Amino acid sequence: MQLVRLERRGDVAVLTIANPPVNAIGTAVVAGLASAIDRFEADRSYKALLVHCDGSTFVAGGDIGSFDDPGFSAAPFNATLDRIETLDRPVVASLHGSVLGGGLELALACHWRVALPSTKLGMPEVKLGLLPGSLGTQRLPRVAGIKLALDMISTGRNISAQAAKDAGIIDEVSDGVPLETGLAFAQALISRGGAARRISTLIIPPGGIEADFFATAANDARTKKSFYPAAAAIVQAVQASTLPFKDGAAVEARLFEELRQSRESMALRHLFFAECEAAKVPGLAKDVKTRPITKVGIVGAGTMGGGIAMNFANAGIQTVLVETSQAALERGLGMMKGNYEASAAKGRLTTQQVSQRMALLTGSLDYAALSDCDLVIEAVFENMELKKQICARLGQVCKSGAIIATNTSTLDVDVLAQATARAQDVVGMHFFSPANVMRLLEVVRGAQTAPDVLATVMQLARKIGKVAVVSGVCYGFIGNRMAEVYMREAEFLLMEGATPSQIDGAVESLGMAMGPCRMLDMAGIDVGAKTVIEYGKAGGLPPDPTYRAVVRRMFELGRFGQKTGAGYYRYEGRKPEEDPETARIAKELAGTHGIAQRSEISRQEIIERLLYPLINEGFKIFEEGIAWRPGDIDVVWTAGYGFPDHKGGPMFYADSLGLGVIADRMAHYAATRGNAYGYWTLSPLLQKQAGERKQLIDSKAGTS
Ligand code: T1G
C-alpha cells in the first residue's frame with residue numbers, strides 16, 4: 001500500500017498519508033512526502049497543496065519505535081518540513097483525530113490549518129522523555145506565544161480544536177470529512193488569492209514576557225522535575241525560539257538528540273510500548289466477540305467498592321451497589337457524592353456532571369438487584385470464607401452470561417471461581433486504592449476463565465480509563481507478590497535499626513513515589529497485616545517467626561497508619577513524623593528474635609535489599625507465566641506502585657543495572673544473612689541470564 005499519495009482534485013494537489021494505525025512518521029513516510037513534494041513542485045498547474053491523512057487520525061507523531069535505531073536522525077523529516085514551508089503556493093493541512101508531536105509539527109510547517117471540531121492537538125514528547133525534535137519548539141511559540149507553547153510542550157497536554165483556533169494555531173474549525181473541508185478551504189484560498197504564510201519567518205516580540213520568565217521556568221524544571229532531563233531541555237529549546245530560526249533550530253536539534261539517547265527516554269519509550277502490549281491477550285483473536293456491559297453491580301460499598309463504582313459512573317455506566325445495611329449503603333453513596341463534590345469544588349467537574357454520575361449510582365440491600373447486571377464485582381474485605389459465600393450467592397443470582405469478578409488482592413481466584421459453580425464466567429479485577437484514581441487494574445485470569453470474559457474485561461478497562469495487565473493466579477498476583485518481598489526486607493531493616501525515613505528515603509532517592517513504610521501507612525497496616533495473616537492460614541508463609549513481625553505487632557497495637565494517627569510513622573494530620581515508639585517496637589522485636597541491631601545501615605544496602613528481591617520475584621513471575629511479558633510487570637509497578645517511570649519499571653531497570661550485578665549482590669546477602677528460607681535464592685531465569693551475561697529481554701521464557 002502506498003504510504004503517501006498525490007492526487008489531483010481540480011487545481012489542488014491532494015497529498016494523502018496512509019500509514020495505519022496512526023499515520024506515524026517513519027523514514028518511508030518521509031521518503032513518500034519528499035517525492036510527493038517533488039511532483040507538486042514540478043507541476044505548475046497545481047495552485048495549492050492539501051495535506052491530510054486516511055484513517056482515524058492525522059499524523060499522531062514520529063514513529064516512536066524508530067528512535068531506538070542507531071542511525072536515527074530527525075534531519076530528513078525536518079528538511080522536508082522546511083521544503084513544505086518554503087513552497088511558493090499555499091499549503092493547507094486538514095486535521096482530524098489526534099494531531100500529536102510530529103503531526104502537529106507537520107501541520108505547523110504548512111501555511112494554513114483547518115480541523116474537525118473533535119480534533120485534539122498536542123506535543124506529548126515530554127511523556128517519552130523527549131522534546132519536539134521537528135521544529136515544534138521553534139514554530140509553536142511563534143504562532144501561539146511563548147507561554148502557551150511552553151505549557152503545552154512541558155506538560156504534553158492536548159488542547160481542543162477550538163482552543164487551538166483561539167490561540168491562532170489553526171485557522172478554521174469545520175465539521176465534515178477532512179478531505180472535503182480541506183479542499184473547500186484550499187479552493188476558497190485560491191479564489192481569494194491567499195498567500196503562503198511561513199511561521200518560521202515570524203519573530204517573537206522581545207519583551208513580550210516577564211524578564212525572569214525563563215529563569216523561573218528553568219528553576220522549576222530543575223527542582224521539581226530533576227529526574228526528567230527533558231523538563232529543563234524544553235525550557236532551553238523554547239527560550240531559543242527567541243533567537244533567529246536557524247539558531248533556535250540548532251539548539252532544538254542538539255537537545256533532542258541528547259534526550260533521545262538518554263536512559264530516561266529509553267525507559268519511558270519502553271513503557272509506552274509495554275502499555276500497548278499489556279492490552280493484548282496472546283492467542284486471543286483481535287475480533288473475539290465481547291459481552292455487552294450496560295449495567296454493573298458492586299457487592300460492598302466500602303472504600304474499595306465505592307471507588308470501583310465511581311469508575312463505571314464516570315464512564316456513564318449504570319451501577320448498583322449492594323450492602324448489608326442501610327447505614328453502610330448510605331455511607332458508601334455519601335462518600336462517592338463527597339468525592340464528586342470535592343472534584344467539582346476544584347473545577348474538575350461541573351455540578352451537572354456530579355448529578356449525572358450520582359444518578360447512575362443506586363443502592364440496594366437485596367442481591368436480587370444484581371440479577372440484571374452484565375458484570376458483578378465483589379469488593380468485600382479480604383476474607384476467603386466470606387468471599388466464597390458471596391461468590392456462591394452470585395453464582396445463583398447473576399443472570400446467565402453475566403461476568404462475576406472478584407476484587408481480591410491476594411486470594412486464590414480459582415477457589416472463588418469454583419464457589420460460583422460457573423468458573424468460566426469468573427475473573428479477578430484487582431483495583432488499587434484509591435480505586436477511582438489509580439490507573440492500574442490487574443485482570444486475573446482463572447484456570448477456567450473464558451476467553452471472551454478476558455477480552456470483555458480488557459476492553460472495559462480501557463473504557464473506564466484503566467491500564468489493565470493480565471495476571472495468572474498466584475499469591476498476590478504480580479504487584480502484591482513482588483511487594484511482599486519488598487516489605488519483608490523493609491521490616492527486617494527496621495528490626496536491624498534502620499528508621500522508616502531512612503528506608504523510604506533510600507528508594508525515594510531513586511524516584512519511588514513513596515517508600516514502603518509510607519505506602520503501607522497510607523494503604524493501612526491493618527490491611528497489610530490481614531493479608532499476611534490470611535497467607536499464613538493458607539500455609540504460604542515461610543516458617544520464619546521474624547517474617548513480617550513488625551506489621552503484625554503494629555496491628556496488635558492498633559497502629560494502622562494514617563487512619564489511626566500512628567503506624568510506622570506518627571501523623572499530625574497527613575504529615576508523617578518519625579515516631580520513637582516505632583523504633584522501640586522494632587528494637588523489642590529484635591531482642592525477642594535475636595536480631596542484631598546496627599547503628600549504620602547504608603542507603604545502598606537498603607536499596608539493594610528492597611529492590612533486588614523484588615526484581616528476582618519479577619523474574620519468577622515471568623518464568624512461571626504469571627505475567628506474559630516483562631513489560632507487563634513494569635506497567636504494574638509504574639502504574640500501580642509508584643516505581644519511577646524514568647527507570648522503565650523494575651524489569652527494565654534490572655537490565656540497565658546489569659543482571660550480573662543483581663546476581664552478585666543477591667549472593668552476597670545469601671552469604672552474609674543466611675538463606676535458610678530461600679529469601680536470596682535466584683530465580684533460575686535470572687541465574688541463567690546473568691550467567692550468560694545476557695539481558696532479560698534476550699530471554700524467551702514465560703508462556704504465552
Ligand atoms: N509511533 C509508533 N507507534 C505508535 C505511535 C507512534 N507515535 N502511536 C501509536 N502507536 C501504535 C501503538 O503502539 C499501537 O500499536 C497502535 O499505534 C494504536 O495505539 C517527531 C519526536 C495516538 C492517542 O507520543 O498517544 O512525534 O499495539 O492503542 O488508544 O518531534 O496511540 O496496535 O501494535 O494507543 O487509539 C509523539 C503516542 C511521538 C503519540 C491513539 N506522539 N500515541 O490512541 O491507540 S514523538 C505520541 C498515542 C514525536 C516529533 C516527536 C496514542 C493515540 P499496536 P493505541 P489509541
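**View 1. Pro-613 sits in helix 24.** Helices here are DSSP runs of H or I with at least four residues, strands are E runs of at least two, and both are numbered from the N terminus. A heads-up before zooming in: this is a predicted model, where local features need pLDDT of at least 70, side-chain atom pairs count only at pLDDT 80 or more, and totals for chains, interfaces and linings use all residues. Numbering starts from 1 along each chain as its sequence is written, and side-chain values use heavy atoms, with hydrogens and water left out. Pro-613 is buried, at a relative accessible area of 3% (buried is under 20%, exposed is over 50%, partly exposed is in between, using a 1.4 Å probe and protein chains only). Setting aside residues up to four places away in sequence, Pro-613 touches Val-485, Arg-488, Glu-489, Glu-608, Met-666 and Trp-680, where contact means heavy atoms within 4.5 Å. Thr-681 is 68 residues from Pro-613 along the chain, yet their C-alpha atoms are separated by 8.9 Å.

**View 2. The largest nonpolar core has 76 residues.** Such a core is a set of buried Ala, Val, Leu, Ile, Met, Phe, Trp, Tyr and Cys residues joined through side-chain atoms within 4.5 Å. The residues with the most contacts inside this core are Ile-478, Tyr-486, Ile-503, Tyr-568, Leu-611, Phe-619 and Trp-637. Helix 24 (residues 603-623) supplies the largest share, 10 residues. At least three residues come from each of domain 2 (295-471) and domain 3 (479-625 + 628-698); the bounds are from an automatic or database domain assignment. Who does Leu-611 touch, not counting residues up to four places away in sequence? Tyr-486, Val-507, Leu-510, Phe-643 and Tyr-653. Apart from this core lies another one, of 75 residues, with Leu-49, Phe-58, Leu-104 and Leu-259 among them.

**View 3. The ligand is surrounded by 26 residues.** To be counted as near, a residue needs a heavy atom within 4 Å of the molecule. Gly-62, Gly-102, Glu-105, Gly-133 and Arg-462 are the closest. A backbone N or O atom of Gly-62 lies 2.6 Å from a ligand oxygen atom. For Ile-64, a polar backbone atom is 3.0 Å from a nitrogen atom of the ligand. Arg-462 uses its side chain instead, with an N or O atom 2.7 Å from a ligand oxygen atom. Taken alone, the ligand exposes 990 Å², and the protein buries 73% of that; these areas come from the Shrake-Rupley method with a 1.4 Å probe, and for residues only the protein chains shown count as cover.

**View 4. Helix 3 is largely enclosed by the rest of the structure, because eight of its eight residues are buried.** They are Gly-102, Gly-103, Leu-104, Glu-105, Leu-106, Ala-107, Leu-108 and Ala-109. Strand 5 (98-100), helix 3 (102-109) and helix 11 (263-278) each supply at least two residues of the shell around the ligand. Helix 11 gives the most, with three residues.

**View 5. Thr-531 belongs to helix 21 (residues 525-537).** Is Thr-531 buried or exposed? It's buried, with a relative accessible area of 10%. Leaving aside neighbours within four places in sequence, Thr-531 is in contact with Ser-409, Thr-410 and Tyr-475.

**View 6. Two cis peptide bonds are shown here, one from Pro-20 to Pro-21 and one from Ser-433 to Pro-434.** For the Pro-20 and Pro-21 bond, omega is about 5°. Pro-21 lies in the loop between strand 2 (12-17) and helix 1 (27-42). For the Ser-433 to Pro-434 bond, omega is near -5°. Pro-434 is in the loop between strand 15 (426-431) and strand 16 (440-445).

**View 7. Leu-135 has a positive phi of about 70° without being a glycine, and Arg-693, also not a glycine, has one of about 55°.** Leu-135 is in the loop between strand 7 (120-122) and helix 4 (136-144). This leucine is buried, at 5% relative accessible area. Arg-693 is in the segment after helix 28 (684-691), and counts as exposed at 79% relative accessibility.

Conventions. Polar contact = N/O pair within 3.5 Å; in protein donor to acceptor, adjacent residues only side chain to side chain.
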